Amino acid sequence: MVLNTIELKAWESDQFAAYKHLMQQPKAQAGLQMDVSESSLQSSFAEALKQPYFFQILLDDQLIGSVTLYWALDQGEDDLTHYSLAYSLDEAYEHHGYMHQALEVLFRHMHGPAIVQAEMFADNTASIHVVEGLGFTKLTEFTNFFGQDLCVFEKTVD
């Protein structure tokens with residue numbers, strides 16, 4: 001039996017249409033917590049291109065998702081680089097372990113050590129399962145000003 005393996009490939013500035021298609025899926029829209037209009041997504045894409053880690057997730061050369069590590073605004077008082085993790089997966093490829101695999105690849109190839117934080121809806125059990133399976137620790141759970149329950153997880157990557 002051959003398992004499908006994923007590949008991470010850096011997004012290019014001319015690939016906005018593919019990014020937009022991915023981010024306008026209903027679950028991705030909910031996770032973004034932002035306007036998903038063309039101009040808003042173009043701005044988000046342009047900002048992500050400036051980040052140290054902004055990758056397409058490919059399965060057999062087909063785009064199935066995206067993963068980004070953003071430099072965190074608060075770098076903390078330690079010598080580690082702090083990142084905020086964001087990811088999205090095409091709904092047709094959820095629940096097959098592809099995001100777990102993509103993040104394992106990303107963390108293996110990071111220039112560490114670093115602290116990575118992930119924030120997600122408290123009822124997003126699939127994402128919670130992914131980050132817990134990768135060794136993230138839950139830091140807190142809170143309700144934001146929109147009344148949404150969120151969890152924050154953290155991991156040190158060596």
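Aspartate 60 sits in the loop between strand 2 (53–59) and strand 3 (62–71). Helices and strands here are DSSP runs, numbered from the N terminus: a helix is H or I over at least four residues, a strand is E over at least two. The model is predicted, so local features need pLDDT of at least 70 and side-chain atom pairs count only at pLDDT 80 or more, while totals for chains, interfaces and linings use all residues. Residues are numbered from 1 along each chain as its sequence is written, and side-chain values use heavy atoms, with hydrogens and water left out.

Look at the backbone of aspartate 60. Its phi is near 50°, a positive value in a residue other than glycine. Most residues other than glycine have a negative phi. Aspartate 60 has 59% relative accessibility, so it counts as exposed. The cut-offs are these: buried means under 20% relative accessible area, exposed means over 50%, and partly exposed lies in between (1.4 Å probe, protein chains only).

Move on to histidine 95. This residue is not a glycine, yet its phi is positive, at about 65°. Histidine 95 belongs to the loop between strand 4 (81–89) and helix 4 (98–108). Its relative accessible area is 65%, so it is exposed.

Glutamate 91 is also placed in the loop between strand 4 and helix 4. Glutamate 91 is partly exposed, at 32% relative accessible area.

Now turn to the charged side chains. The structure has three salt bridges. In a salt bridge, a side-chain nitrogen of Lys or Arg lies within 4 Å of a carboxyl oxygen of Asp or Glu.

One joins glutamate 38 to lysine 20, with the closest N and O atoms 2.6 Å apart. Glutamate 38 lies in helix 3 (residues 38–49) and lysine 20 in helix 1 (residues 16–23), so this pair ties together parts that are 18 residues apart in sequence. Glutamate 38 is partly exposed, with 38% relative accessible area. Lysine 20 is partly exposed too, at 23%.

Another salt bridge pairs lysine 50 with glutamate 47, at 3.8 Å from N to O. Lysine 50 counts as exposed, at 58% relative accessibility. Glutamate 47 is partly exposed, at 37%.

Lysine 138 and glutamate 141 also meet through their side chains in a salt bridge, 2.7 Å from N to O. Lysine 138 counts as partly exposed, at 40% relative accessibility. Glutamate 141 is partly exposed, with a relative accessible area of 43%.
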